[in-house]
Amino acid sequence: QVQLVESGGGLVQAGGSLRLSCAASGFLFNSYAMNWYRQAPEKQRELVASIGSDGSTNYDDSVNGRFTISRVNARNTVYLQMNSLKPEDTAVYYCNVVILLRQTTYFWGQGTQVTVSS
């Protein structure tokens with residue numbers, strides 16, 4: 001079965017950096033785009049960054065230039081390097097993959113908390 005396990009969250013001061021990791025299993029990792037979402041308290045979950053199977057990347061405007069998404073197919077792992085963190089980056093960060101089974105299915109990890117203090 002599909003499993004996504006995030007790690008690397010924590011508490012950091014504004015201006016600091018964190019690197020999130022997502023270990024994937026249960027599907028052909030190198031054939032799928034991978035995504036990072038985040039959800040702040042009382043806000044909707046939002047797409048932060050995506051990386052295609054070909055390595056192409058896309059970012060939300062709010063993180064463009066500060067965050068970098070990458071993948072290592074040999075490790076079935078996707079990363080999110082977060083630099084110049086701001087208090088508004090505080091959220092639970094989720095790894096995501098979308099797979100077409102009988103219908104389009106969104107798979108999620110358990111999430112990892114990122115807290116940025118001012």
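Modeller: Because the model is predicted, local features need pLDDT of at least 70 and side-chain atom pairs count only at pLDDT 80 or more, while totals for chains, interfaces and linings use all residues. Residues are numbered from 1 along each chain as its sequence is written, and side-chain values use heavy atoms, without hydrogens and water.

Biologist: What makes β3 and β8 paired strands?

Modeller: A strand is a DSSP run of E with at least two residues, numbered from the N terminus, and two strands pair if DSSP finds at least two bridges between them. Six bridges join β3 (residues 18-25) to β8 (residues 77-82), so the pair meets the rule. The two strands run antiparallel, and A23 has T77 of β8 as its bridge partner.

Biologist: How do you know that β7 pairs with β8?

Modeller: Six bridges join β7 to β8, again in an antiparallel arrangement. In β8, T77 is also the residue that V72 stands opposite. The hairpin of these strands has four residues between them, and N76 takes a positive phi near 50° there.

Biologist: Which strands of the sheet are called edge strands, and why?

Modeller: The open sheet has four strands in the order β1-β3-β8-β7, with antiparallel pairing. Its edges are β1 (3-7) and β7 (67-72), each of which pairs on one side only. From one strand to the next the twist averages 15°, where axes are lines fitted to C-alpha atoms and angles run from 0 to 180 degrees between N-to-C directions.

Biologist: Why is the link between C22 and C95 called a disulfide?

Modeller: A disulfide is a pair of cysteine sulfur atoms within 2.5 Å. The S to S distance of C22 and C95 is 2.1 Å, so the pair qualifies, and by this rule the count comes to one disulfide. C22 lies in β3 and C95 in β9 (residues 91-100), 73 residues apart.

Biologist: Why is the disulfide of C22 and C95 assigned its handedness?

Modeller: The torsion about its S-S bond is about -80°, so the disulfide is left-handed.

Biologist: How do you know whether C22 is buried or exposed?

Modeller: Buried means under 20% relative accessible area, exposed over 50%, and partly exposed in between, with a 1.4 Å probe and protein chains only. C22 has 0% relative accessibility and therefore counts as buried; C95, also at 0%, counts as buried too. By contrast, L28, in the loop between β3 and β4 (34-39), is exposed because its relative accessible area is 56%.

Biologist: What makes T112 a residue in contact with G9?

Modeller: Contact means heavy atoms within 4.5 Å, and T112 touches G9 as well as others, including E6, L20 and Y93. The backbone nitrogen of G9 lies 3.1 Å from a polar atom of the T112 side chain. T112, found in β11 (residues 112-117), counts as buried because its relative accessibility is 10%.

Biologist: Which residues touch the most other members of the largest nonpolar core?

Modeller: A nonpolar core is a set of buried Ala, Val, Leu, Ile, Met, Phe, Trp, Tyr and Cys residues joined through side-chain atoms within 4.5 Å. The largest has 29 residues, and L4, M34, W36, V78, L80, M82 and Y93 touch the most other members. Its largest share, five residues, comes from β9. L80 touches residues including W36, F67, I69 and Y93.

Technical notes: A polar contact is a pair of N or O atoms within 3.5 Å; within protein, one must be able to donate a hydrogen and the other to accept it, and residues adjacent in sequence count only if both atoms are side-chain atoms. Lists of a residue's contacts leave out its neighbours within four places in sequence.
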